[in-house]
Amino acid sequence: MKILLIINLFKKYNLFINKKIYIFGWIKNIRYSKNYIFIEINDGSCIKNIQILYLKNKNINYIKNINIGYSVFIFGKVIISKNINKQKIEILLINFKIIGNIENQKKYPISSSKYNKIEFIRKFFHLRPRSKFFGVISRIRNFIYIEINNFLNKNNFIWVQTPIITSVDTENSGNSFKVSSLDIYNNNNKKELDFFKKESFLTVSGQLNLESYALSMSKVYSFGPVFRADNSNTKKHLSEFWMLELEVAFRNIKYIIKFTIYLIKKIFHKLLNKLYDDVYYISKYNNYDINKVYNDLNKEFITLEYYEVVNILKKKFNIKCENDITTKYENILLKYFNCPIIIKNFPKSIKPFYMKLNKNNLTVSSFDIIFPNVGEIVGGSEREYRKNLIIDSIKNNNMNINLYKWYIDLRKYGTVAHSGMGIGFERLLMYFTGIKNIKDIIPFPRYPNNLHM
């Protein structure tokens, strides 16, 4: 018995008309008429449900006992739909079997018989993939992840699996999760250093490790989870999220910016071409203008120097920006320009130690890209490849130089200019879809005071 996925049935429906097929899935809706019962089934492979027709005069066991959420087996004949404008095909039921029922229908939280707001569904992390909304998000997330990997592979990038457990802090922020094991005692009943015999943390970035491969393989990337212990519970922050990070040898910041924008545009256009129904549903659900995103990504991004931004905030909005450009200021700029903005050459005092010092000794060769409705999604820089300057930077940031000896070695042995960037995966998805809360764009969100499943 060959089981057919609903997505393949819709893609190649001409091959199945008047043929008998087998389908597994979950009941999403049930409607009754004088002669028929209409049952809508979905197996998660696509946004569309397939409609099952049941003639009431047929004697099929259990058909009267079914309800929304039941998992079922369907055997039927594919026929041309009578309502061809709504859907091209449907299935005339021949046999039917309940696989799993709903024990208490009134308490089942995922039901199309009532409108469930995202805030309500968010309480049920184990059940929310069953809702149409989170099913769509899952397919979009999966598609973009695969397409990014395919795109980088075609552009000769090597995937490097950077470690999750580390002894160094890439961002020098101090907001890292410490890794520990069970208490370890020696024979004298004195507590020893923990598992690795040194302090260890969950990584905030794979960049430093990735650089060691870039200085051998030329073009590399990592794509995985990173962790931040910031006590922030906003709609744009998570304690665990995914990051795409690139490192390229022999290239400057101009190349990295150009390549990053090209990547984002390419992935978005593929998303529209391949998953238009899913994207359209999400944009309609969120009242989000997907055409605005399309237009933004088909024109030149505005590029500004950091101090240009400071002057704009001061002269146009009477705001003194002393340090980093916060989310509040990002929103002001995005509303003013109404398109994505590249901000370059930040002061060295507000950026991490590894960024290349510019000739003015005040700024570093760095950039952020901020996007409407989300803010910062991309950050990158040229990396400081000069040994003496990287040592100075480590010392000036009051970092333990012994932990970075291997990183300094990269500058001693065949060093070259190189550049890189990181894209917050969930924030990129927020921009593409219009999802307003980052907790709804990742399967199992981790954030302060909440650890579900």
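**Figure 1. A salt bridge between Arg141 and Glu426 in the predicted model.** In this predicted model, Arg141 and Glu426 form a salt bridge in which the closest N and O atoms are 2.8 Å apart. Arg141 lies in helix α3 whereas Glu426 lies in helix α12, so the pair ties together parts of the chain that are 285 residues apart in sequence. Arg141 has a relative accessible area of 12% and is therefore buried, since buried means under 20%. Glu426 is also buried, with a relative accessible area of 1%. As a general point, side chains of opposite charge can pair when their charged atoms come close.

**Figure 2. A salt bridge between Arg128 and Asp440.** The closest N and O atoms of Arg128 and Asp440 are 3.7 Å apart, and the two residues form a salt bridge. This pair links distant parts of the chain, for Arg128 is in the loop between α2 (118–121) and α3, while Asp440 is in the loop between α12 (425–433) and β16 (446–447), 312 residues apart. Arg128 is buried, with a relative accessible area of 2%, and Asp440 is buried as well, with a relative accessible area of 3%.

Figure 3. Arg383 forms a salt bridge with Glu247, and their closest N and O atoms are 2.6 Å apart. Because Arg383 belongs to strand β14 (residues 375–383) and Glu247 to strand β10 (residues 240–249), the pair ties together parts that are 136 residues apart in sequence. Arg383 and Glu247 are both buried. Elsewhere in the model, Lys292, Asp296 and Lys299 are linked in a network of salt bridges; the count for the protein comes to 13 salt bridges.

**Figure 4. The packing of helices α10 and α11.** Helix α10 (residues 387–396) packs with helix α11 (residues 405–412) at an angle of about 160°, and their axes are 9 Å apart. Since angles over 145 degrees count as roughly antiparallel, this is how α10 is described relative to α11. The crossing in which α10 passes α11 is right-handed. Tyr413 is found in the loop between α11 and β15 (418–424), and Tyr413 is exposed, with a relative accessible area of 60%.

**Figure 5. The crossing of helices α3 and α6.** The axes of helix α3 (residues 132–154) and helix α6 (residues 276–285) come within 10 Å and cross at roughly 130°, and the two helices are therefore oblique to each other. In this case α3 passes α6 in a left-handed crossing.

**Figure 6. A nonpolar patch on the surface.** Ile164, Ile165, Phe195 and Phe196 form a nonpolar patch on the surface, and together they have about 380 Å² of accessible area. Ile164 is found in the loop between β6 (158–159) and β7 (165–166), and with a relative accessible area of 37% Ile164 is partly exposed.

**Figure 7. Asn298 and its separation from Glu247.** Asn298 is found in the loop between α7 (290–296) and β11 (302–305), where Asn298 counts as partly exposed at 41% relative accessibility. Asn298 and Glu247 are 51 residues apart along the chain, and their C-alpha atoms are separated by 25 Å. For context, the protein has 12 helices and 17 strands, and 50% of its 453 residues count as buried.

Conventions. Residues numbered from 1 in each chain as written. Predicted model: local features only at pLDDT ≥ 70, side-chain atom pairs only at ≥ 80, totals over all residues. Heavy atoms only, no water. Patch = residues over 30% accessible without salt bridge, like charges linked within 9 Å, V, L, I, M, F, W, Y side chains within 5 Å. Areas by Shrake-Rupley, 256 points an atom, 1.4 Å probe, with all protein chains shown as cover. Salt bridge = Lys/Arg side-chain N within 4 Å of Asp/Glu carboxyl O. Helix = DSSP H or I, 4+ residues; strand = E, 2+ residues; numbered from the N terminus. Buried < 20%, exposed > 50% of the residue type's maximum accessible area, 1.4 Å probe, protein only. Axes fitted to C-alpha atoms, helices over the stretch in contact; angles between N-to-C directions. Parallel < 35°, antiparallel > 145°, perpendicular 65-115°, else oblique. Left-handed = near helix turned anticlockwise from the far one by under 90°.
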